[in-house]
Amino acid sequence: MDSVRYVGMDVHQSTISVAVLNQEGKLMQQSVMATKATAIVELLKGLRGVVHVTCEEGTHSAWLYDVVVRHAARVVVCNPRKNALLKSGNKSDRIDARKLAELLRMGVLSPVYHGEQSTRTLQQLVASYMALTEDTGRAMRRIKALYRSQTIACAGKKCLGKRHRGEWLEKLSNSGQRRRAEWLYQELDAVQGLRREARLAVLAECQKYPAAKLLRSMPFFGPLRAAVLIARVQTPHRFRSKRQFWTYCGLGLETRSSADYVEKDGRIMRRRRPVYIRGLNWNYSHELKNVFKGAATTASTMAGPFREFYEVRIANGIAPAMARLTLARKMAAIALILWKKGETFEAKHLNLQAA
């Protein structure tokens, strides 16, 4: 039987620190090489046996995965937030690489999904659109902050539009402030134009995916939300159940309990007390949480089957915020079902058994 080699890579812009362990955890090789595909492939080809490779999720992880996946039996791109061992003791590139290899050998790394190639174009377009959306909001906040600094009330969007800009610029008494406001307006116009262009590109690319039509059949789930979902999830089959999907979307509940069992009459029994819920999970995709929270908020205010679902929860005494969260979880579960099974939305999907 071939031996197994566990390779930990601590990746940086110009260099990669590499540590290779065998099955017993003995250090077989440690080196530093350039961040180049040829150097990485040469290293992996020189290793005997079955090669397992790991690196942390980061700027270079997608590129490194594409380089390594053809030359290794298993590639794990791990979540750096959960690698507590790397934070203890001394720290250096060589130490981090060896610790990564050891965690891979122990099988305790939390993988981050990589591998789907068909959605790469949509991923890049959606990332560009989301970044331009953030830049648009940042430019708007800077303009309003300038007016507020001069105690000029600027609620609403009137101060941002082109029609009344001259009136608003006249309210600034200092010439430097007016010049700054003009530059900010120019920035806002440029970013808004790019954002509209990116949005059209996202919608055009999303039409190429059969899943988009299935997801859009769900009320209040338009083409842009479908595009963000497809780009971020890539494939629904990476989630075994709706609860894993809820956690990925930031809609999973975190619970805490301790001393769950007691001895009674010579038998070990579980305590009869409720599990403490400590809120939603903290490690999630912010874009997907915004997608489902936004869809649930809109659905709770407009007529339709989701509005009825929401009102039943309110009638049962659930607080409005918790009812909207329940609706968001329901919509996420239905979206996963439609995508997995290739179905379009029907009222039956609102049944508890369906999601």
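The structure is a predicted model, in which local features need pLDDT of at least 70 and side-chain atom pairs count only at pLDDT 80 or more, while totals for chains, interfaces and linings use all residues. Residues are numbered from 1 along each chain as its sequence is written, and side-chain values use heavy atoms, with hydrogens and water left out.

## Nonpolar cores

A nonpolar core is a set of buried Ala, Val, Leu, Ile, Met, Phe, Trp, Tyr and Cys residues joined through side-chain atoms within 4.5 Å. The word buried stands for under 20% relative accessible area, exposed for over 50%, and partly exposed for values in between, with a 1.4 Å probe and protein chains only. The largest nonpolar core holds 51 residues, and those that touch the most other members are Leu 122, Phe 221, Leu 229, Ile 230, Phe 245, Phe 292 and Phe 306. Two or more residues of this core come from each of the elements α4 (120–148), α6 (175–206), α7 (210–216), α8 (223–233), α9 (242–248), α10 (286–299), α11 (305–315) and α12 (320–341). The greatest contribution to this core, 12 residues, is that of α12. Helices (H or I, at least four residues) and strands (E, at least two) are DSSP runs, numbered from the N terminus.

Contact means heavy atoms within 4.5 Å. When neighbours within four places in sequence are set aside, Leu 122 is in contact with Val 202, Glu 205, Cys 206, Tyr 209, Ala 227, Ile 230 and Ala 231. Another core lies apart from the largest one; it has 20 residues, including Met 9, Leu 43, Val 53 and Ala 72.

## The largest pocket

Rolling a probe the size of a water molecule over the atoms shows where empty space is left. On a 1 Å grid over the protein atoms alone, a pocket is an open set of points where a 1.4 Å probe fits, with protein on both sides within 12 Å along at least five of seven lines; its lining residues have an atom within 4 Å of a point. Grid points are joined across faces, edges and corners, and a volume is the space filled by probe spheres set on the points.

The volume of the largest pocket is about 1500 Å³. Its lining consists of 36 residues, of which Glu 57, Val 112, Tyr 113, Arg 238 and Tyr 248 are the closest to the centre. At least two lining residues are supplied by each of α2 (61–68), α4, α8, α9 and α10. The largest share, four residues, belongs to α4.

## Salt bridges

Side chains of opposite charge can pair when their charged atoms come close. A salt bridge is a side-chain nitrogen of Lys or Arg within 4 Å of a carboxyl oxygen of Asp or Glu. The whole structure contains 10 salt bridges, and the table lists some of them.

| Asp 96 | Lys 91 | 2.5 Å |

Arg 232 is buried because its relative accessible area is 19%, whereas Glu 287, at 24%, is partly exposed. By contrast, Glu 311 and Arg 307 both belong to helix α11 and stand four residues apart, about one turn of the helix. Glu 311 has a relative accessible area of 38% and is therefore partly exposed; Arg 307, at 26%, is also partly exposed. In the remaining pair of the table, Asp 96 is buried at 4%, and Lys 91 is exposed at 61%.

## Single residues

Lys 99 is located in helix α3 (residues 93–106). Lys 99 is buried but has no salt bridge, and the nearest side chain of opposite charge, that of Asp 96, is 5.5 Å away. For such charges, Lys and Arg count as positive and Asp and Glu as negative, while His and the chain ends are not counted.

Phe 220, in the loop between α7 and α8, has a positive phi near 65° although it is a residue other than glycine. Gln 234, in the loop between α8 and α9, likewise has a positive phi, near 75°. Phe 220 is partly exposed at 22% relative accessible area, and Gln 234 is buried at 14%.
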